[in-house]
Amino acid sequence: MRRAIILAACLVAALPALAQQAKPKAPAKPPEKETPAPPPPVDTPAPYDRDLLRLSEIIGALSFLRELCGNPDAPEWPARMKALLDAEGTSPGRRDRLAGAYNRGYGGYAVTYRVCTPSAGEAATRYIAEGERLSVALAGRFGG
């Protein structure tokens, strides 16, 4: 939804420029001084960022735990994080925060577990349940 609004705003903003392209232009004077590049857009947090960061951390933990325990769905978790980054990593800062949360989740268990134990399996089961609750809540509240 947010992307559709941004796309529509960009198209509306581009209409005057497209109309001017059809008219012949007079030769422009070269600028005397180079103007500095505009600053990057402000990275304002979305209202659901806290939940999204938690979901990224859960995906990171599950990436490690499911691989450690040899679960057949182990390759799905890094792919899910990549999909999340592609969808929500709209700026470098936001992408870094999401990736950092994933790495915290992964690294926290990589330090603790070397072999699959019953507690590692239980942690994965609880994370799957929490991730599902978060996903449903995010989709229900914010769409998507």
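D86 is partly exposed, with a relative accessible area of 46%; here buried means under 20% relative accessible area, exposed over 50%, and partly exposed in between (1.4 Å probe, protein chains only). The side chain of D86 forms a salt bridge with that of K82, at 3.1 Å from N to O, where a salt bridge is a side-chain nitrogen of Lys or Arg within 4 Å of a carboxyl oxygen of Asp or Glu. This is a predicted model, in which local features need pLDDT of at least 70 and side-chain atom pairs count only at pLDDT 80 or more, while totals for chains, interfaces and linings use all residues. Residues are numbered from 1 along each chain as its sequence is written, and side-chain values use heavy atoms, with hydrogens and water left out.

- K82 and D86 both belong to helix 3 and stand four residues apart, about one turn of the helix; helices (H or I, at least four residues) and strands (E, at least two) are DSSP runs, numbered from the N terminus.
- An α-helix has 3.6 residues a turn, so residues three or four places apart point the same way.
- R80 and E76 are also joined by a salt bridge between their side chains, at 2.8 Å from N to O.
- Four residues separate R80 from E76 in helix 3 (residues 76-88), about one helical turn.
- R80 is partly exposed at 39% relative accessibility, and E76 is partly exposed at 37%.

- The structure holds 10 salt bridges in total.
- One of them pairs the side chains of R94 and D49, at 2.6 Å from N to O.
- Because R94 lies in helix 4 (residues 92-112) and D49 in helix 2 (residues 49-68), this pair ties together parts that are 45 residues apart in sequence.
- Both R94 and D49 are buried.

**Cavity**

- One cavity of 30 Å³ or more is counted; on a 1 Å grid over the protein atoms alone, a cavity is a set of points where a 1.4 Å probe fits but cannot get out, and lining residues have an atom within 4 Å of a point.
- The largest cavity has a volume of about 30 Å³, a volume being the space filled by probe spheres set on grid points that are joined across faces, edges and corners.
- Its lining consists of D49, L52, L53, R94, R97 and L98.
- Helix 2 and helix 4 are the elements that give two or more residues to this lining.
- The lining has three nonpolar, no polar and three charged residues, where Ala, Val, Leu, Ile, Met, Phe, Trp, Tyr, Cys and Pro count as nonpolar, Asp, Glu, Lys and Arg as charged, and the others, Gly among them, as polar.

- Helix 2 has 20 residues and spans 29 Å from its first C-alpha to its last, close to the 28 Å expected at 1.5 Å a residue; the expected span is 1.5 Å times one less than the number of residues.

**Disulfide**

- The whole structure contains one disulfide, defined as a pair of cysteine sulfur atoms within 2.5 Å.
- This disulfide joins C69 to C116, with an S to S distance of 2.0 Å.
- The link of C69 and C116 is right-handed, with 90 degrees about the S-S bond.
- C69 lies in the loop between helix 2 and helix 3 and C116 in the loop between helix 4 and helix 5 (118-142), so the pair ties together parts that are 47 residues apart in sequence.
- C69 is partly exposed at 25% relative accessibility, and C116 is partly exposed at 39%.

Key. 1 Å grid on protein atoms, 1.4 Å probe; cavity = no way out; pocket = protein on both sides within 12 Å on 5 of 7 lines; lining within 4 Å.
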